[in-house]
Amino acid sequence: MTFYDKPWEQDEEYLELISDLIDRPEVQKLDEIVHHHHTTRLIHSLNVSYNSYRIAKKFGMKSREVARAGLLHDLFYYDWRDTKFEEGSHAYVHPRIAYENALKLTELSELEKDIIIKHMWGATVAPPKYKESFVVTMVDKYCAIKESSTPVAYKWRAFRNRSAH
Ligand SMILES: [Fe+2]
Ligand SMILES: [Fe+2]
């Protein structure tokens with residue numbers, strides 16, 4: 001069960017931008033992985049991609065790259081709770097793995113690379129080079145908080161609706 005609306009399903013213009021990526025098995029596999037407790041890594045990736053895309057479009061930024069790199073920013077399959085890397089922390093390593101995996105699916109511009117590699121800014125040191133990367137890293141954090149807490153909000157809404165009747 002998902003607690004989310006999926007507004008991207010009604011947005012033809014957005015769906016067109018990710019049409020060559022979304023049905024790839026490497027992307028669909030993310031739907032089997034629980035992410036932020038209550039959602040899948042695919043739904044999280046679509047949330048980040050779509051919300052970032054809408055902001056980018058509104059402010060005249062490069063919305064196509066934001067949509068695509070947003071979708072691919074967490075393209076990794078390991079469980080961070082039981083996988084450790086010598087190269088560094090999960091926050092440092094998983095954007096690099098996602099970038100390598102994304103490269104196997106599509107070409108990536110410098111901007112798209114920056115969006116994926118820097119999306120953990122705050123937990124990692126190197127700051128985003130582009131305003132589009134900044135949007136994605138902020139939306140990623142916002143979605144992480146929202147996704148982790150949505151069932152509480154969902155239960156509260158249900159409780160309030162019940163009390164109102
Ligand atoms: Fe991530
Ligand atoms: Fe993420």
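In the predicted model, residues E65, V66, R68, A69, G70 and L72 of α5 meet L111, E112, I115 and I116 of α7. The residues of this contact divide into six nonpolar, one polar and three charged. The axes of the two helices come within 9 Å of each other and cross at roughly 40°, which makes α5 oblique to α7. The crossing of α5 with α7 is right-handed.

A second contact joins α5 to α4. Here the axes lie 7 Å apart and the helices pack at an angle of about 165°; because angles over 145 degrees count as roughly antiparallel, α4 is roughly antiparallel to α5. This crossing, too, is right-handed. From α4, residues S45, L46, V48, S49, S52, Y53, A56 and K57 take part, and they meet S63, V66, A67, G70 and L71 of α5. The contact of α4 with α5 comprises seven nonpolar, five polar and one charged residue.

Helix α5 spans residues 63–72, and nine of its ten residues are buried, so the helix is largely enclosed by the rest of the structure. The buried residues are S63, E65, V66, A67, R68, A69, G70, L71 and L72. Leaving aside residues up to four places away in sequence, V66 touches S52, Y53, A56, M61, I115, E132, V135 and V136.

Within α4, which covers residues 41–58, lies Y50. Y50 has 24 other C-beta atoms within 10 Å; since the threshold for a buried residue is 20 or more, Y50 is buried. When residues up to four places away in sequence are not counted, Y50 touches P7, W8 and Y14. The C-alpha atoms of Y50 and R68 are separated by 9.3 Å, the two residues being 18 positions apart along the chain.

How values were computed
Residues numbered from 1 in each chain as written. Chains lettered and ligands numbered in written order. Predicted model: local features only at pLDDT ≥ 70, side-chain atom pairs only at ≥ 80, totals over all residues. Buried ≥ 20, exposed ≤ 12 C-beta atoms within 10 Å, placed from the backbone. Helix = DSSP H or I, 4+ residues; strand = E, 2+ residues; numbered from the N terminus. Contact = placed C-beta atoms within 7 Å. Axes fitted to C-alpha atoms, helices over the stretch in contact; angles between N-to-C directions. Parallel < 35°, antiparallel > 145°, perpendicular 65-115°, else oblique. Left-handed = near helix turned anticlockwise from the far one by under 90°. Nonpolar A, V, L, I, M, F, W, Y, C, P; charged D, E, K, R; others polar.
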